[in-house]
Each structure stands twice: as C-alpha cells, then as structure tokens.
Amino acid sequence: MAHVRAYQLKRLFLGSPLPTAQSRHERLGKATALATFASDALSSVAYATEEILLVLVLAGSAALSYSLPIAFVIAGLIIIVVSSYRETIRAYPGGGGAYIVSKDNLGIYAGLVAGAALLIDYVLTVAVSVAAGVAAITSAIPALFPFRIWVCVAAVAAIAIANLRGIRESGKIFAAPTYLFIVSVLGMIIYGALGAIFDFIGETPYAPHPPGLEGVGLFLFLRAFAAGCTALTGVEAVSDGVPALKPPEAPNARVVLTWLGVILVALFLGMTYLAYDFGIAPRVGETVASQLARHVFGTGLIYYEIQVVTMLILLLAANTAFADFPRLAFFLARDRFIPRQFGTQGDRLVFSNGILILAGLAAALLVVFGADTHALIPLYAVGVFLSFTFSQAGMVRRWLRLREAGWRWRATLNGIGAVATGLVMVTIAVTKFVHGAWIVLILIPVLVLLFVAMHRHYDDVARQLSLEDFTWPPPMTNTVLVLVGDLHRGVITALQYAQTLSASPKAVFVETDPERTRKLEEKWSKWGMGVPLIVLSSPYRSLLGPLTEYVDTLQRLGPNHMVTLVLPEFLPARWWQQILHNQTALLIKGTFLFRKNVVITDVPHHLRH
Amino acid sequence: MRVHVLKRLLVGEPLSTAQARHERLTKVTGLAIFASDNLSSVAYASEEILRVLIIAGPAALGASTPIAIAIAIVIAIVIYSYRQTILAYPQGASDYIVAKDNIGPAAGLTAGSALLIDYTLTVAVSVSAGIAALTSAFPALFPLRAWLCVGAIALIAVGNLRGLRESGRLFALPSYLFIAGLVALLGVGFARYAAQGGTAAPAAVGEPAAALGAFLILRAFASGAVALTGIEAVADGVTAFKPPEVVNARAVLAALAVIMTALFVGTTALADLYDVIPHAHETVVSQLARQVFGGGIIYYYIQAVSMLILVLAANTAFADFPRLAFFMARDGYLPRQFGNRGDRLVFSNGVVMLTVVAAGLILIFDGDTHALIPLYAVGVFTSFTLSQASMVRRWLRLRPSRWPWRVAISTLGAVTTGTVLLVVAATKFLDGAWIVVALIAILIMIFVTIRRHYEDVAGQLSLDGYGTPEEMSHTVLVLVGDLHRGVVEALQYARTLSPSAKAVYVETDPERTRRLEEKWGRHGLGVPLVVLNSPYRSLLGPLLEYVQHLTERPGKHVVTMVIPEFIPARWWQHLLHNQTALLIKGALLFRRNVIVTDVPYHLKH
C-alpha cells in the first residue's frame with residue numbers, strides 16, 4: 001500500500017514514464033541550447049567582478065581601479081578558452097567532456113583526475129550559483145538574509161525535481177530567464193555608460209580612501225586575477241553537451257559556443273567597467289551587482305527586475321550542473337569507475353541517481369559553508385581550471401597524433417589554451433591554497449584512488465563470473481528440507497510446495513521440549529502429507545546449532561550438493577503485527593547467507609486482517 | 001563471531017534445559033534476593049514523609065513517627081495476607097495470576113500492567129536513590145548522577161543475563177550488611193540520644209508554606225507508603241526457593257515483616273529525635289548517619305551499603321519483570337518473544353526490555369528519586385488491592401478449612417490497600433500519578449489487541465475442519481540480466497527443482513538481447529530463454545505482468561522466481577552492485593502464490 005502511495009507521489013512530481021524510443025526527440029534547438037548551457041557561464045558575471053574587488057579592497061579602495069586591467073586579461077583568457085573548445089567540439093561531436101578527451105589522449109589516469117575535478121566542480125557550481133542567486137534576493141530584501149541557508153536548500157530541491165522530470169522540459173523553463181538576464185544587464189551597461197558619458201548619473205559621493213591592509217603587490221594582483229577567473233566557469237558546458245543539441249550537433253554547438261563567448265566577454269567587461277566608473281566597493285549584505293543596479297536605475301521596478309533575473313539565471317545556472325554531473329557520472333559508471341547505479345536511466349529518461357547525489361552534496365555544502373559565496377569560491381576555480389588544462393592538453397596530443405588537415409593551427413590554438421589555463425590553475429592553487437583550495441587538492445587524489453579501487457573490484461568480479469575456460473561443475477543434486485516448529489495451514493502449504501520441488505522432501509523439527517515433540521508427531525500422522533519428520537534434539541534450546549550441524553552432514557553427501565531450506569512464514573496483514581511473531585526466518589537467513597550451497601526459500605502464508 | 005565471543009564473556013557459557021531445576025535459592029539467599037527491594041525503601045521512605053511535612057514548617061516534622069507507625073501496621077497486614085496467598089499458590093503467586101484466576105481477565109490485566117510499570121519504576125527509583133546515597137557522601141559526583149544511574153542499571157542487567165543463582169550469591173551479602181549497618185545506626189543513635197538528652201535545637205527556618213491539615217498528613221502518608229513496595233516479590237518467586245518451597249517462602253516473608261517494620265519505624269523516629277530536615281543534595285539517612293557517627297568510616301560504610309542494597313534492590317525487579325512478562329506472553333497478551341528462555345536459562349528479552357525502559361525513565365527524570373516516587377506507589381497498591389480481593393473471592397469459592405478467618409484476613413488486606421490506593425491516587429494525582437493511571441489503561445488496550453491478534457492468527461492457521469488441500473502445480477523461472485557463472489549455477493539449481501524451468505530476461509536494449517542470446521546458445525544448459533520487452537526500461541513492470549499471467553492458470557499454481565545473486569566478500573562492495581534482488585523481493589513479497597528464491601554465488605576477495 002505504502003508502495004502505491006509513494007508511486008503516485010513520484011508521478012505527481014516527475015510526470016508519466018517515457019519510453020526509450022522517445023530519447024531522440026529530447027533535443028535542444030540553438031536558442032534553447034544557448035539558454036541552457038550559457039546560464040552557467042553567464043551567471044558568473046553576477047559575482048566575478050565582485051570577487052576581484054573583494055581582493056583588491058584589501059589594499060584600500062584606491063586599489064579598486066586595478067580591476068579594469070585584470071578584467072581585460074580575463075576577457076583575453078575567455079577568448080582563448082572558447083576558441084580552444086570550438087576545436088574540441090569539432091573533434092568530439094559525441095560530447096567531448098574533459099574526462100573523455102583526457103582519457104582518450106592522455107591516458108586513463110589523466111582522465112580520472114579530470115573526472116574527479118569535474119565532479120567536484122559541478123557540485124560547487126550548484127552550491128556557488130545557488131548561494132549567489134539567493135544573495136541577489138537578500139540584497140533586495142534584507143529581511144530574508146537570516147534565512148538564506150534554508151532558502152538555498154529549498155532552491156536546490158526545486159531544481160532537482162525539475163531535472164528529475166527530464167531535460168527538454170527543463171530547457172524550456174530555463175530559456176526565458178537567460179535571455180531576460182542578457183537583455184537586462186546589457187541594458188544596464190548601455191544606460192549606465194551613456195549616463196556616465198552625458199553625466200545624467202552621478203558618481204557615488206567621494207569618500208576618502210581608507211588605507212588598505214596590504215600593499216599593492218604582484219601577489220595581490222594574482223589573487224585578484226585568480227578570484228576573477230570564476231568568470232570562466234561553465235564555458236566547457238557546451239562541448240560536454242553536444243549530443244543534446246538538434247542535428248547537425250557539432251556545427252550547432254560551435255555556433256552556440258561562439259555566441260556564448262561574445263556575450264560573456266561583453267557582460268563581464270561592461271559590469272567591471274561600470275563598477276569602476278561609479279566607484280563601487282564591495283560590502284557585506286549587498287552584492288556589487290545590486291549596488292550597481294541601484295546606482296544606475298535607483299531602487300525602482302527596474303532594480304527589482306534585475307535582481308530577480310539575476311537570481312533566476314544563477315539558480316538556473318545550477319541547472320547546467322544538473323545536466324552535466326549525471327552525464328559524467330554515466331560515463332564514469334560505464335567505464336566502471338563508480339557504482340553502476342549511476343549508469344541506469346530512470347523512467348523519465350534522466351540519470352536519476354546522479355541528480356539525487358548532486359542535490360544531496362550541494363545542499364550539504366551550502367549548509368556547512370553557511371551559504372556564503374565567498375567562502376565557496378576558493379574551492380571552485382581549482383577544479384575548473386584543472387579540467388580545462390587536461391582537456392586542452394589532450395587535444396594537443398590528439399592533433400599531433402592524428403595530423404588531420406590544419407593540424408598545426410589547431411595544435412597551436414589548443415596549446416595556447418593549455419598553457420594559459422595551466423598557468424591560471426597554478427596561480428589559483430598557490431594564491432587560494434590556504435583559503436580552501438587545499439581541500440580540493442586533497443579530494444581529487446582521494447577520489448581518483450576510490451575510482452581505481454572500484455574499477456579493480458568490478459574487474460575482479462567480472463573475472464570471477466566469466467564463463468571463459470569455465471569447467472562445468474558436476475551435476476547438481478538437491479535436498480529439500482522444510483523447517484517446521486508446529487503444524488498448521490502455513491506449514492501444509494510449505495509441505496505441498498516442497499513436494500513440487502522434490503520427490504523426497506523432508507521436514508525438520510528442532511526439539512526443545514519433548515512434550516511438544518510428542519504433540520507434533522501426533523498431528524503429523526494425520527496431516528503430515530507423508531513427508532518424513534526428522535527431529536533434532538537441542539539441549540541448549542538453540543534452533544540454529546542443531547540445524548547447521550544437520551545441513552553440514554547433508555552437504556557431505558556429494559560434491560555439488562545443494563540444500564534447500566524451505567521456511568513456512570506467515571505474513572501478517574499489518575506491519576505492526578510483524579513484531580508479535582518470532583523473527584526466526586530472519587535469523588536463519590542471516591546465518592546461512594554466507595554458507596555455500598544453501599538456498600533459503602520463504603513460503604509465505606498470507607493472513608487476513 | 002566477535003559478537004558471540006563478547007556475549008560469552010559477559011554472559012557466560014550456555015546452560016542446558018535440564019539444568020533449570022538446580023537454579024534454586026536457600027532461605028538465607030532468598031531473603032537477601034527478595035527482601036532487598038522492600039528493605040531498601042527504608043533508605044528513602046522516611047525522607048519522603050519528611051519532605052511533605054516540611055511544607056507545614058519544621059514543627060510539623062513531629063507528625064512523622066505516628067505516620068510511620070500507621071504505615072508499619074499496613075505492612076504487617078499486607079504481609080500477613082501474602083502468607084495466605086503463598087499457601088494457596090505454591091507454584092508462584094504473581095498478582096497477575098491471582099487476579100486473573102479469581103476475578104477475571106480484566107482484573108488480571110489491570111494487575112499485570114500495574115506490576116510491569118511498578119517493576120520498571122522499582123529499578124528507576126532504587127537505582128536513583130542508591131546513587132543519591134553515593135552523591136550524598138561524595139557531592140562532587142552530583143552532576144553526573146543520571147549517567148551513574150544508567151551505568152548501574154547496565155551492570156545489573158549483565159548480572160541478570162548471566163542467570164538467577166549467580167545473581168543471588170552476588171546479592172546476598174549487601175542485604176545483610178545493610179541490615180547490620182542500620183541496626184547499628186539505630187542502636188547507637190537511640191543510646192546516644194538517651195545519654196545526651198537530645199541534640200541542639202534546629203536552626204530557625206522560614207514561615208511554613210501551609211498549615212498541617214488532614215490533606216497534608218494524608219499526602220505524607222501516601223509518600224511514606226513506598227515503604228510497602230517490593231513486599232509482593234516473595235509471593236511471586238515461590239518457585240525460586242529450594243523445596244519445600246512454600247514453607248521456606250512463608251518463613252522468609254515473616255522474617256521480612258519483622259526486620260522491615262523495625263528498621264522503618266526506627267529510622268523515622270530517629271530522624272524525628274535528631275531533628276533532621278530534608279535537603280536537596282543530601283539524603284535523610286546520610287544526615288542521620290553523619291550526626292550519629294560523625295563523618296568517619298562508619299558513616300561511609302552506611303552510605304556504601306545503602307547504595308549497594310538499593311542498586312541490588314533493582315535486581316528484584318530484574319527477576320520479577322521477565323517472569324511476569326513470561327506469564328503474560330504465555331497467555332498471549334505480550335509478544336511471544338518474552339516467552340523464550342535464552343541460552344543461560346533467563347528470559348533475556350524481558351531483561352533487555354526492562355533495562356532500556358528504566359534507563360530511559362532515569363534520563364527523562366534526570367535521576368531524581370522524588371520526581372519518580374509519585375508514579376511509583378499507584379501501581380504497587382493497585383496490584384495489592386486486586387490480589388487481596390482475588391483471595392477473598394477464592395476463599396469464598398473454595399471454602400478450605402478455617403475459611404472465615406482467611407476471608408477476614410484477606411478482606412482486611414484488600415480494604416486497607418484499597419484505601420491506601422485511593423489516598424495515593426487522590427493526593428499524588430497532579431504530581432505524576434495520572435501518568436500511571438493513563439498508562440495502565442493504554443497497556444490494557446495493547447494487551448487485548450495483541451491477544452486478539454494471536455487468537456485470530458491461530459484461527460486462520462488452524463487445521464480444524466481443513467479439508468484436503470488443493471492440488472498444487474508449479475512453474476520455475478530464473479530471472480537473468482546476463483549470463484555468467486552465478487547465472488549458470490542458478491540455472492543448474494532451477495533444473496533440480498523442475499525439468500521445465502525457464503529463464504526470463506527483461507529487454508531494455510535490443511543490442512544486449514542479441515549478445516545474451518548468442519551466449520545462451522553456448523552456456524544456457526538448454527533452458528529456454530523468455531525475453532520480455534520493456535519500453536519504459538522498468539524491470540518490474542513486465543516481470544510482474546508475466547508472473548500475473550502465469551499465476552492466473554487454473555487451480556493453485558505457484559511461480560518460483562529464482563534470482564541468481566552474487567554475494568561480495570566485503571560489505572562495502574554491496575554498494576557497488578544493483579540491488580535488483582531486493583527490489584524484486586519487495587515487489588513480490590505481498591503477491592499470493594509467488595515464491596522468491598535467491599541462489600547465492602559467493603565471490604572471493
């Protein structure tokens with residue numbers, strides 16, 4: 001009954017099951033694909049500028065003006081990475097995630113490192129995006145600030161349910177906010193720039209620059225740069241998801257990626273420039289983007305619209321990870337590096353287990369880190385750039401090996417990408433090490449070790465089960481025993497059943513009280529159906545001891561001798577009635593589970609009310 | 001394996017059923033075992049009286065001695081009545097059995113639930129009072145008292161899981177040491193008082209909160225009535241004595257009456273003479289011992305034996321609770337697991353249950369004796385009253401020799417205990433007695449439900465009027481997802497069950513089906529392979545449909561689903577494999593005429 005109710009609940013949230021043949025139709029057009037895959041990358045605009053400013057402000061607010069050159073360097077990096085990934089899509093029309101590219105070209109261990117980095121990265125994408133999205137709302141409505149952790153967890157749950165319903169429907173839900181965000185932020189940048197040029201928006205009132213805690217030095221620049229590199233997170237999403245696009249998949253994906261690069265650079269540079277121009281400094285309780293919107297448009301309808309779409313795109317950015325994590329888990333499970341449960345599609349054609357694990361881990365991270373974006377950011381970028389570097393390096397190897405037309409140009413392009421992202425990764429790992437990057441640097445090797453251990457186990461099992469040079473065991477013989485404690489209707493069903501299994505079943509009774517044995521034997525002569533009754537004596541009142549001994553003697557009868565123990569078990573109609581009966585069956589199953597050549601068979605007798 | 005070794009270490013080697021008769025007690029150990037519960041209440045009963053009287057100011061404390069004497073009279077009446085009961089029930093006269101036999105099942109269940117509650121509270125109250133004796137001597141331990149209590153309960157439980165006689169030996173000594181200690185305290189105390197003519201007047205205390213009225217005196221009496229708890233233990237445990245059981249038990253009961261009234265009245269009177277005032281962190285007995293002996297070795301001796309007898313009094317309940325649970329389980333009112341003796345001949349389930357509930361009570365009430373007392377006496381007097389009333393009915397029905405005299409005695413007992421019950425319930429209702437009243441009602445309902453269920457099951461399983469069973473036919477299916485050694489073994493097994501066994505495969509991907517069919521040709525043992533199509537990738541849907549279709553055949557047709565299952569060598573490896581077998585068992589468990597059989601294939605390392 002409970003099973004039926006749970007099932008109805010599942011249908012209500014997730015929709016009716018979809019047949020496998022419908023798989024092909026769940027594809028995305030270019031416009032929807034841009035919305036689905038771009039939300040991750042674009043949404044980082046909402047916090048990347050702020051992360052740069054948060055580092056620079058350590059050297060005093062005068063140092064904030066260095067944000068502009070740093071943003072230009074990052075924009076250059078975006079262009080390099082996008083160009084590199086366009087090549088990857090060309091080479092891997094079947095979906096070229098960093099895991100597959102590294103595994104194919106650099107070897108299995110590189111693939112596993114990239115895979116571990118990506119799994120961590122996706123979990124953090126969800127956590128960081130949701131935390132930042134909720135921060136956009138608490139900037140607008142400060143009263144919600146104390147509840148931010150629970151708002152975040154609820155948001156993760158809502159996204160998880162949408163994803164359990166299936167990918168295309170998710171695509172539809174997510175297209176509108178992405179475009180609204182692009183339009184709103186572009187509008188804000190243009191209006192703000194015009195306002196600055198024609199002076200109809202004032203500068204923030206000049207505040208004397210407080211002295212910084214640190215001097216402006218190379219290390220601070222590098223840290224600010226490393227912080228801003230979160231703007232690149234999510235760029236790889238398109239090349240991972242090529243098969244989700246409508247055919248022709250690869251050309252469509254390349255177009256989507258180019259558009260993504262252009263929009264990302266424009267929004268990121270525009271935001272950073274405006275923040276610089278209006279002299280906005282980071283502040284606890286309100287995001288930089290919120291301050292900017294408030295400054296440009298005042299606290300009106302447009303300001304609230306911007307906050308809402310910022311939140312929406314961030315929440316929906318988390319959705320990219322909900323598409324990517326289960327897909328990567330599927331690849332890892334297919335290659336037998338993680339439990340194979342991640343390899344099965346649920347009845348809505350999505351990888352339900354991956355979605356559930358991702359939601360659980362992200363929610364846990366949000367709770368542990370108090371839903372604070374800045375605390376999570378240092379963990380974030382390491383994994384992303386590690387996988388970028390491996391993926392680009394893998395492509396270089398590939399071009400050098402295959403030498404297709406134009407391979408020199410392509411190898412150079414991917415080489416630049418690999419070197420650039422590699423340098424950034426080292427920079428991030430060094431400058432952010434104490435802030436949390438160390439956690440990821442430990443976690444990646446641990447995960448790789450786990451992957452290897454699981455792979456070894458699966459290989460071992462496959463070898464043990466393999467039928468190659470399998471020598472046939474001698475023909476199997478089988479003794480059927482019915483364990484009885486009394487003689488009632490349930491036992492009679494079991495005896496009947498045992499007689500269909502074997503021509504000569506036997507009943508076994510463990511004697512604890514001779515008086516009961518006498519009574520049983522009396523009944524047996526009348527109702528025993530001709531099955532012989534074997535009485536085992538038990539001076540210590542233990543059921544198991546004499547039984548295991550008897551089974552042992554039977555097994556010595558032949559080389560491949562099976563003992564089938566039939567247990568008559570009556571099933572009460574209600575769950576609580578179960579506690580009123582001895583759990584003998586359970587005890588016996590537990591005892592014989594690890595014995596060879598013993599099969600336990602419950603014969604249920606269903607009771608009414 | 002490791003659990004087993006630990007169990008042997010704590011509980012001892014198994015004992016054979018034939019050894020049961022030898023686990024018996026002599027009079028001397030019997031007194032120690034069964035009297036500890038009753039005697040130990042001397043350690044707190046006087047204090048409970050004083051705690052009520054102090055509400056009317058220190059001057060009111062003088063009323064304590066007359067109240068104690070009234071209680072002593074009740075004790076004498078009750079013990080005299082119980083001596084009659086033993087005579088009538090030589091095989092052990094639990095109030096539950098006596099009430100059930102003579103008045104009816106409803107009275108029996110009321111007495112039974114009152115007693116189960118009472119035994120649990122005996123453990124909780126005795127242990128917390130014992131630990132209070134300890135913390136009176138060592139105030140530093142006061143904050144840890146709840147955990148000390150739980151530790152003590154666990155210790156007693158282990159002692160009891162080992163078996164009754166060994167427990168008896170363990171517990172005989174402290175009871176006698178306690179009696180000796182208190183006799184010394186009373187002797188020296190009275191002698192010193194007579195010699196010195198009293199101690200200094202007590203310090204002036206603030207205004208009394210209430211006047212000394214009849215209600216307060218009744219409340220004080222109700223509090224002091226805890227001195228009667230545990231008297232019934234001897235009558236319950238007659239069978240635990242060496243033969244002649246009845247004679248021995250009656251002798252023990254008489255000795256108990258003398259010792260108990262002497263110690264209780266003596267302690268109360270002495271506290272009155274020495275003007276002891278109850279105190280939150282130190283017990284009355286501790287204050288008394290400190291005044292009489294100073295803080296020396298004898299003081300610590302008294303505290304130590306008080307603690308020991310109290311902690312060991314809890315042991316009486318550990319003998320009684322499982323025994324009563326056994327009787328009630330035998331009658332079908334409690335789960336039948338309480339009716340099984342463990343391999344050390346004790347009713348292990350009852351012991352474990354009592355331990356858990358008592359420890360829970362201690363933690364909820366934070367090891368505070370006074371908070372538990374109001375709950376305590378209601379249950380005790382309910383069962384006393386029912387038991388005495390039953391005896392009246394019994395004498396009237398059977399009319400043995402001298403029956404008018406016996407009726408008179410039992411009636412006196414019933415009326416007295418009934419009156420005390422009303423007083424206790426009325427004066428303590430708001431302090432916690434209501435919990436017990438409500439709980440007794442709930443327990444009775446649960447007992448009746450359980451009994452009804454067992455009767456219903458017995459009716460459904462009964463062979464009375466059962467004709468010849470319908471002819472049974474049989475299909476054996478092997479569920480396969482692949483073909484490997486585990487599956488080959490399952491196929492072999494299925495063939496021993498039925499020569500026409502079939503294999504069933506649920507298709508989610510035609511490519512895999514093709515590969516499986518190819519392998520099947522080589523290793524399939526000639527077992528036919530049935531492929532079920534599953535457009536929604538669900539394993540269960542098509543399978544359930546197919547099984548349904550098979551069981552719909554005419555007559556009683558049983559489908560055996562053989563599931564090849566490989567069992568990894570280590571537990572964590574289970575996480576790495578699909579739990580398909582579990583899923584299928586869950587889905588098929590409640591279907592009629594479907595039997596699921598796992599064929600395990602054991603993996604190495």
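A compact globule of 609 residues would have a radius of gyration near 25 Å, yet chain A has 33 Å. This is a predicted model. Along the principal axes, the C-alpha atoms of chain A fill a box of roughly 110 × 60 × 45 Å. Chain A holds 21 helices and five strands. Of its 609 residues, 48% are buried. Take the contacts in chain A between residues at least 6 apart in sequence: 81% of them join residues at least 24 apart.

Now look at one pair of helices. Two packed helices are described by the angle between their axes and the distance between the axes. In chain A, helix α2 (residues 30–43) packs against helix α11 (residues 249–277) at an angle of about 45 degrees, and their axes are 10 Å apart. Angles from 65 to 115 degrees count as roughly perpendicular and those under 35 as roughly parallel; α2(A) and α11(A) are therefore oblique to each other. Their crossing is right-handed. Residues in this contact include F37(A) and L42(A) from α2(A), and W259(A) and L267(A) from α11(A).

Next comes the contact between the chains. Chain B gives 50 residues and chain A gives 50 residues. On the side of chain B that touches chain A, the elements giving two or more residues are α16 (403–461), β1 (472–480), α17 (485–497), β4 (556–567) and β5 (594–602) of chain B.

The table lists both contacts by residue class.

| Contact | Nonpolar | Polar | Charged |
|---|---|---|---|
| α2(A) with α11(A) | 13 residues | one residue | one residue |

Conventions: Residues numbered from 1 in each chain as written. Chains lettered and ligands numbered in written order. Predicted model: local features only at pLDDT ≥ 70, side-chain atom pairs only at ≥ 80, totals over all residues. Contact = placed C-beta atoms within 7 Å. Helix = DSSP H or I, 4+ residues; strand = E, 2+ residues; numbered from the N terminus. Rg over C-alpha atoms; globule rule 2.2 N^0.38 Å. Buried ≥ 20, exposed ≤ 12 C-beta atoms within 10 Å, placed from the backbone. Axes fitted to C-alpha atoms, helices over the stretch in contact; angles between N-to-C directions. Parallel < 35°, antiparallel > 145°, perpendicular 65-115°, else oblique. Left-handed = near helix turned anticlockwise from the far one by under 90°. Nonpolar A, V, L, I, M, F, W, Y, C, P; charged D, E, K, R; others polar.
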